[in-house]
Amino acid sequence: MRRFKYQAKDRKTGRIVNGTVQADSEQIAGKILVDQGYTPSRITEETESFFSRFQNRVSTKERIAFTRQFATLIGAGMPLSASLQMIVDQTENKATKALVEDILAQVESGKSLYLAFKKHPEVFNNVYLSLVEAGEASGTLDVSLRRLADQQEKDADMISKIRGAMTYPAIVLFVIVAVVIFLMLQVVPQVENLYNDLREPLPALTAVMVAISNFIANFWWLVLVILGIAVWFFIQFKRTEAGTKTVDKFKLHAPLVNGLFMRLYNARFARTMQMLLSAGVPMLEAIKISGNAINNTLLEKEVHEAEEMVRSGKPLSVSLKGRENVLPLIPQMAATGEQSGKIDEMLGRAATVYETELDERLAAIQTLIEPVLMVVLAVVAGGIVGAILFPIYSLVSKIGAGGI
């Protein structure tokens with residue numbers, strides 16, 4: 001799908017308008033404009049630079065805003081095309097505008113909304129597509145879109161809280177590294193010069209620090225190269241199947257963060273199941289899509305194993321029970337839902353419980369980690385300063401006693 005700039009005359013108002021439209025060719029772009037009530041006078045293909053391909057991406061925030069606005073317009077009784085056109089007219093973000101223009105063009109060419117969205121997998125995942133498809137089939141598209149917007153907001157909020165909790169430690173660690181580098185490059189050489197001027201041997205600990213300081217000063221480029229290579233290898237390893245499993249296992253079992261990610265993924269699974277089942281998506285398809293939406297290979301594997309058990313006739317509660325990375329409340333609530341006929345509602349309650357626990361754990365970690373990091377900063381910086389000051393104090397004592 002290519003992007004074209006146009007200048008056209010609105011046949012109703014007579015005013016000249018400028019804009020962009022997405023189409024497979026210039027002729028199709030002209031037909032789209034004519035169908036929309038315009039008489040095009042100029043259509044030119046818009047070229048895209050290398051960097052703009054990375055800049056013009058629809059963010060999570062933009063996708064949520066689009067979903068919420070679209071749900072409101074559909075719920076108010078507006079036709080699909082009119083709703084999409086209104087969003088195009090009101091959207092300022094270029095990437096989102098181009099996306100909605102393309103969806104509008106496909107809908108007006110006779111495609112379903114589901115197929116129009118499916119052309120953009122980088123924006124709309126399988127959960128999104130399944131709910132749109134179910135909403136179109138049942139005539140409850142506005143309800144499905146509102147559920148999607150709510151879920152996306154909750155998921156984005158949880159991710160934001162986890163990142164926020166990790167930001168403070170990252171800043172403190174950066175400060176620790178900066179302080180150490182400053183002391184090593186600016187203070188330690190002065191101590192070495194002082195000892196050399198007085199022709200005194202360096203204490204063992206100070207000698208080690210001087211060696212490290214000289215290495216950093218003379219081979220800083222080598223340190224950066226080694227760090228760059230290490231980061232590159234980690235990124236490449238993470239892209240492999242073994243690397244993905246290693247990182248996912250670390251998230252679920254590493255001290256301090258394991259409880260956060262365990263609750264995040266279980267809440268995401270339960271909430272996604274609730275949405276899909278409420279929208280009328282069949283149980284097996286809902287399990288499969290929810291498993292793929294978790295974004296953790298270990299838990300995803302366990303969910304797909306449960307899917308096979310459900311396919312063979314076992315209840316969802318039995319299929320999920322006893323799995324290492326599925327928290328106990330989910331199969332318990334699923335069992336209650338199977339008995340009452342409200343499994344989607346019960347899974348939603350389980351998701352709410354884990355979302356609340358996630359908030360509480362984040363608050364506890366933030367409260368705990370601040371004093372711990374302050375102690376680490378004090379020990380590291382204090383240790384280096386002590387290793388510098390004690391030898392100087394020893395020299396001053398010798399000078400005062402007439403030993404030098």
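A residue is called buried when its relative accessible area is under 20%, exposed when it is over 50%, and partly exposed in between, with a 1.4 Å probe and protein chains only. The model is a predicted one, in which local features need pLDDT of at least 70 and side-chain atom pairs count only at pLDDT 80 or more, while totals for chains, interfaces and linings use all residues. Residues are numbered from 1 along each chain as its sequence is written, and side-chain values use heavy atoms, with hydrogens and water left out.

In helix 1, which covers residues 26-35, Ala29, Gly30, Ile32 and Leu33 are buried (helices being DSSP runs of H or I with at least four residues, numbered from the N terminus). Seen down the axis of helix 1, these buried residues fall within an arc of 160°, and so they line one face of the helix; the arc is that of the directions from the helix axis to the C-beta atoms. An α-helix has 3.6 residues a turn, so residues three or four places apart point the same way. The face of helix 1 turned away from the buried side carries the exposed residues Gln27, Lys31 and Asp35, and the helix is followed by Gly37, whose phi is positive, near 95°.

Neighbours within four places in sequence aside, Ser130 is in contact (heavy atoms within 4.5 Å) with Leu276, Val281, Glu285 and Ile289. Thr140, in the loop between helix 7 and helix 8, is partly exposed, with a relative accessible area of 30%.

Helix 8 (residues 141-198) packs with helix 9 (residues 204-239) at an angle of about 130°, their axes being 9 Å apart. Axes are lines fitted to C-alpha atoms, for helices over the stretch in contact, and angles run from 0 to 180 degrees between N-to-C directions. That angle makes helix 8 oblique to helix 9, since angles under 35 degrees count as roughly parallel, over 145 as roughly antiparallel, 65 to 115 as roughly perpendicular and the rest as oblique.

Helix 12 (residues 283-293) and helix 13 (residues 297-311), by comparison, pack at an angle of about 170° with their axes 8 Å apart, and are therefore roughly antiparallel to each other. Among the residues that make this contact are Met283 and Ile287 of helix 12 and Val303 and Glu307 of helix 13.

Definitions and conventions
Helix = DSSP H or I, 4+ residues; strand = E, 2+ residues; numbered from the N terminus.
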